[in-house]
Amino acid sequence: MAIFYDASGRRARRVRVALGVAVCVPLLLAALLIAAVLRPVATVAPRFAMPDAPQAAVAAPVSDEARGAWLPARSGAALSGGTMGFYMPWDTPSRQSLATHVDDLEWLVPGLATVTGADHRFVAEADPYMRQVLARATHRPRVLPMVQNAAADGSWDGAGTAALLTDRAARTRLVEQIVALVARESGAGVMLDFESLPVSAHRNYRTFLGELRARFAPRGWMVALATPVADPDWDLRAYAAVADQLVLMAYDEHWMGGAAGPIASQPWFARVVAQAVAQAGTDKAIVAIGSYAYDWQGRTTVPLAIFDALALAAQAGVTPQFDAASGNSHFAYDMQGKHHEVWMLDALSAANQMAAVRRTGAAGVALWRLGSEDPSVWRALSDSTPPDLRRLPAPTGVAVHGQGEIMRMTAEATPGAREVTWRDGLIRAARFVQMPQPDTVERTGAHRRQVALTFDDGPDPAWTPLILDVLARQHVPATFFVTGANALGQGALLRRIVAQGGELGNHSTSHADLSRRSEAAIALELKATARIVEAYTGRAMTLFRPPFLGDADPDRRDELHATRVAARLGYLTVGLNVDPLDWQGPKAEVIAQRVIAQIIAGTDERPAQIVLLHDSGGNRTETIKALPLIIRGLRARGYDFVAVSTLARLSPASVMPALRGHAAIDAAGTRGLFDGLAWLRDAGAVLFAVVIAIGMARAVALTGLALWPRRRETVPTGAPHLVPTFVSVLIPAFNEARVIEASVRRILASIGPRVEVIVMDDGSTDGTSDVVQAAFGIDPRVRLLTLENGGKARALNTALATARGDVVIALDADTQFEADTIAKLTRWFADPRIGAVAGNAKVGNRINVITRWQALEYVTAQNLERRALLSLGAVTVVPGAVGAWRRTALDAVGGYPEDTLAEDQDLTIAVQRAGWRVACDNDAIAWTEAPETIRALFKQRFRWAFGTLQCLWKHRGVLGRSGGSDGSACRRRWFSSCCSRLLRR
């Protein structure tokens, strides 16, 4: 009867119940834990007090609004040429617009150069980004680098330009500088934008244009210049005579620094554009259409991109109105007690202006400028039919209000919609149905004399308490952004942080780069950490810092990926502008110097009040030493240390509110689950370390024993007549018709002693017996036993009863011997003390990763492990694939055991218990087939492991055996053999 077999079935029932409990209880606990983590969150982040927020106001009426026809008379010429776009490399939205619309442009005008000052200093910037975009463009526009006389403060250096144009040498030098610029940029010419010129400068300007044009002519380059459309000082006919193109800047009817009003009312636009095109000539006139906004507060004017203006309107809670008299949109708001008027040139005005431009027959149209435009303006520029302007895409930028390093996301980007009423090819009425909304962020915390210390990546049981000790002695609060992985099991430490006046923030669970995670994964990370902190402290968290956060100044949507998800869960994002890089391990003095220097360098535009330090993730000795230096150094300079909540002008209770009601009950209930999970994690880590240590110790011990020369056995050198001359080879086979013939022929081809081969067909259904009978039916050396299926051990014992050899060798049907394998195995039996000899099994089917891995394992197991165990006199096992047994030893132990799955190991132990020695010969090689799939490998290793346990149980009596040295040796063999076998499996 097999070991562990229970005929009553009671053990099986008990095992099934135990397994059911072992599976169901963890599953139930896991379900409870998952339910707690995934519990819906309906929390709104604390609101900032924003005293400078705009408020809705009534727009003032326009007193000097132009009147007249909205369309000029038809010139008879058709609009020719394509679209020209003005691009500013220093502006991020301008770069984004260029990348999106480069294929829509015929001409690109990048603002690359300026010439200003009394010394006429020429500065030309390179723009690698533009070159990359142009290189990728399907339709590469022609480039006209723009040279302006704009000073660093935004003013126009008209006087300096006038002086330059008067000086012939200066003009010549500028010509050469422009030639070099155009050549560098592989341009098609140049765009000149010289503004605020005195009347006296125009003649010299035209002289300069003639000189430049003459210099350009051999290269085929063009000279273009930007001109106003309603300035009598500019003689457009005269300029057209010396230039190739005039770009008519048809906007600024109401200009910066003037009175508020439409930037380009449709009646004014139609009149001045028709006049300007007629003066410049239809072949040279390009009409520039504006798409931007002006924010007037009295005479103080701020230019805005269209989406910035719309975001401002949304913040003020006001909707822009389409002015039916001017065709321009506008709105008003009040802020800090001052009234603001905002006028826009959007896609609505652009569509009407394009209708007017087409009537003039101009040579082309230009857009001022990329990055400030209404995205729908591109449809207005390209469509000759009334474009569909009803939908506005979601803005790609970020609207940021306020200053500071603490951020609250108040709105996510959403598209807009408007109703548009067309009449006679013109837009006569329009209204917003839904305002487009960019990602909108409010910031706070810009309080110059206050500093908040924050610590990331903890809590750490080694370093966080030491940091808390320093903070307690210095009476300084701090905010700790904890990860769920580190917070698990650290309830006492978290409660100490809160009790000491500190605040806790969410730093994700695994400290992963959340910018690369999906929104669902980010939410799971935040919820898991939140539930852990709630369970241990009874408080929720509303502060969040993404791992690897660069700074507190987002300007792209992708930078808000994690913040966006966190905001939906009710979090404020805490950025930082002070990072001493303490995680790199600099000295304490260096950390302190960096912190103090960065805080002092903070400005109103870029506040530096939040300090990033770390309380985990490595040796934090220097950070701890730096803390007193930082605190004393900043206090000496007049700084106070506050918590993040104080910096945000929020109460501590609002950033870590106490849980109440069902939330508090749920948190208390999950505390035990988290403690249990922490225990399992820690126990698993210890167990893993122990297993690794045991494995390493075992490898070292086996290597040492294998190299120990004292116990290495050598082939016996006794008289040749003691070596057996007749061997019985037993081959059990079950459905081995494919390989059985080759296996038998390899045995028959062996050199050395005579052999008889007994093939036991153990109930095969594939014709194994027929193959053997057909191939070896008349060979007296081969016998065939056809049996009912009863297992390998039973088949071997059946064959053993008829075997005649003094040595018995059993091998699997898919195993092939080398020609000298049998001779090498039998030579050991010249020593009468040897009862069995183990050969060297090697993997013959190395066809994939699984079998190649097993081939390596066989080499180490056979060559290293067996040599080592031989030193202890405890060979692990005589493998069934290649092993030889003395017949008398087999008879003494009752043949092959049938009550264990590891009959080869069982028999090896039994033979040794009977007093026989076991040898091994690594030169006796057999090639066997290893499992080729994971499933087959698992089944094999399970059988080996279970069989080893059966052997341990069956031969447990060895441990209690007495009898001097023999008993001791047997116990040593049993223990070493079985333990080594288990460890290897």
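The chain exposes about 42,500 Å², of which carbon and sulfur atoms supply 56% (Shrake-Rupley method, 1.4 Å probe). The model is predicted: local features need pLDDT of at least 70 and side-chain atom pairs count only at pLDDT 80 or more, while totals for chains, interfaces and linings use all residues. Residues are numbered from 1 along each chain as its sequence is written, and side-chain values use heavy atoms, with hydrogens and water left out.

The chain holds 30 helices and 37 strands (DSSP runs, with at least four residues of H or I for a helix and at least two of E for a strand, numbered from the N terminus). The radius of gyration is 44 Å, well over the 30 Å that the globule rule gives for 985 residues, so the chain is more spread out than a compact globule. This radius is taken over C-alpha atoms, and the rule is 2.2 Å times the number of residues to the power 0.38. Along the principal axes, the C-alpha atoms fill a box of roughly 130 × 70 × 55 Å. Of the 985 residues, 53% count as buried (under 20% relative accessible area, 1.4 Å probe, protein chains only).

Arg 369 lies in the loop between β16 (364-368) and α11 (377-382). Its relative accessibility is 14%, so Arg 369 counts as buried. Not counting residues up to four places away in sequence, Arg 369 touches Phe 86, Met 88, Trp 90, Asp 91, Ser 94 and Ser 291 (contact means heavy atoms within 4.5 Å). The side chains of Arg 369 and Asp 91 are joined by a polar contact of 3.2 Å (a pair of N or O atoms within 3.5 Å, one able to donate a hydrogen and the other to accept it).

Conventions:
Buried means under 20% relative accessible area, exposed over 50%, partly exposed in between (1.4 Å probe, protein chains only).
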